[in-house]
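Biologist: Could you take me through this model and tell me what stands behind each word you use for it?

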Amino acid sequence: MNKTYVIGDIHGYHDKLIAVLQAANLVTEDNHWCGDDSALWFMGDYTDRGPDGSAVIELVMRLQQEAEADGGRVIALLGNHDIQLLAAHRFRHRPSTGPGKTFLTDWQRNGGVSNDLALLNRRQIDWLSELPLMALEEDRLWIHADAQLYPEYGDSVDAVNDTFYDLLHSDDDPAWDKVLSQFSEHRAFYQQVPRVLDLLERFGGQQIIHGHTPINSVQWKPADQVTAPLVYADGLCVNVDGGMYKGGPGFVYELPPLHELVPVV
Ligand SMILES: [Mn+2]
C-alpha cells in the first residue's frame with residue numbers, strides 16, 4: 001500500500017530537511033527521491049527565519065518532479081510566509097497595515113532573509129503562486145495554519161484554492177495585506193472541538209493536518225525534544241510543525257490509517 005508522509009514548516013532549514021528526509025528513506029545520500037510510490041506532503045512556509053529558504057524551494061520543486069517520474073507524489077501547500085515573500089517581491093515599498101508599514105519591511109520583520117528574495121526567480125514565483133492553500137485527500141483536510149480565515153474565501157476546497165490563485169496573480173495589495181494579517185492567528189483549534197467540526201463539515205474530511213504553530217510553543221517543552229506530531233482536539237487535529245526554526249530537528253511523520261487515530265463515536 002502507498003504510504004503517506006508529512007513534514008511541517010521548514011523555514012529555510014535546508015540541512016535539517018535533508019537529514020529528516022534521508023532518515024525516512026525518502027531521499028538518497030545525494031538527495032534524490034527514493035520514496036517510490038509514497039506521497040510526501042509539505043505544509044508550506046519554505047523560507048524566512050532560516051538560512052537557506054531558496055535552496056528549500058529548489059529542493060521541493062525538484063523532488064516533486066522526481067517523485068512524479070517515479071510513481072510517487074510530493075504535494076506542497078502554500079504557507080503565509082510564501083505569500084509574504086511573494087508580496088515583498090511584488091509590492092516592495094507599497095504601504096501595508098502590518099507592523100513594518102510596507103510589504104518589504106513586514107517580510108523582513110517576519111524573518112525575511114535577503115538572499116531568498118535576491119534569488120527569487122520567475123520559475124520560483126510561478127511555482128509558489130500556483131500552490132494550493134488547502135487540500136482534501138484520504139479523508140483528511142490539509143491546511144497550513146491553525147487559523148480561521150479559510151471559510152471566508154470559499155465554500156469548498158477548490159473554491160478557496162481558486163480564490164487564492166486569483167489573489168496571488170492580482171495586483172490587489174489590500175487583499176494580500178488582509179490575508180497576511182489573518183494568517184497571524186495561531187492556535188484557533190485548541191480546545192475548540194466545535195470549531196474544528198464546523199470546518200470539517202464545511203470542507204470535508206475527518207481530520208485536519210496543519211503546521212504553522214511550532215509544537216513546542218503549544219506544549220511548552222524544548223523544541224529539540226519535539227520529534228512527533230501533536231494530535232489534539234479529540235484526535236481531530238494533527239499539528240506537524242516540528243519548529244525547526246525554534247531549534248527543533250524536525251521530523252517526517254508517516255500518517256497512520258485514519259481509523260487508528262480518530263476515536264469511534
Ligand atoms: Mn505559517
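Modeller: Here are a few questions about terms, each answered with its cut-off. The model is predicted: local features need pLDDT of at least 70, side-chain atom pairs count only at pLDDT 80 or more, and totals for chains, interfaces and linings use all residues. Residues are numbered from 1 along each chain as its sequence is written, and side-chain values use heavy atoms, with hydrogens and water left out.

Biologist: What makes asparagine 80 and histidine 212 count as buried?

Modeller: Buried means under 20% relative accessible area (exposed is over 50%, partly exposed in between; 1.4 Å probe, protein chains only). Asparagine 80 and histidine 212 are both buried, and buried residues make up 56% of the protein.

Biologist: Why are Asp45, Asn80, His144 and His212 called donors of the manganese ion?

Modeller: Donors are N, O and S atoms within 2.8 Å of the metal (3.2 Å for Na, K and Ca); water is not among the atoms, so sites may look incomplete. Asp45 (OD), Asn80 (OD1), His144 (NE2) and His212 (ND1) lie 2.2 Å from the manganese ion, so they qualify. Asparagine 80 lies in helix H3 and histidine 212 in the loop between strand E6 and helix H10, so the pair ties together parts 132 residues apart in sequence. Helices (H or I, at least four residues) and strands (E, at least two) are DSSP runs, numbered from the N terminus.
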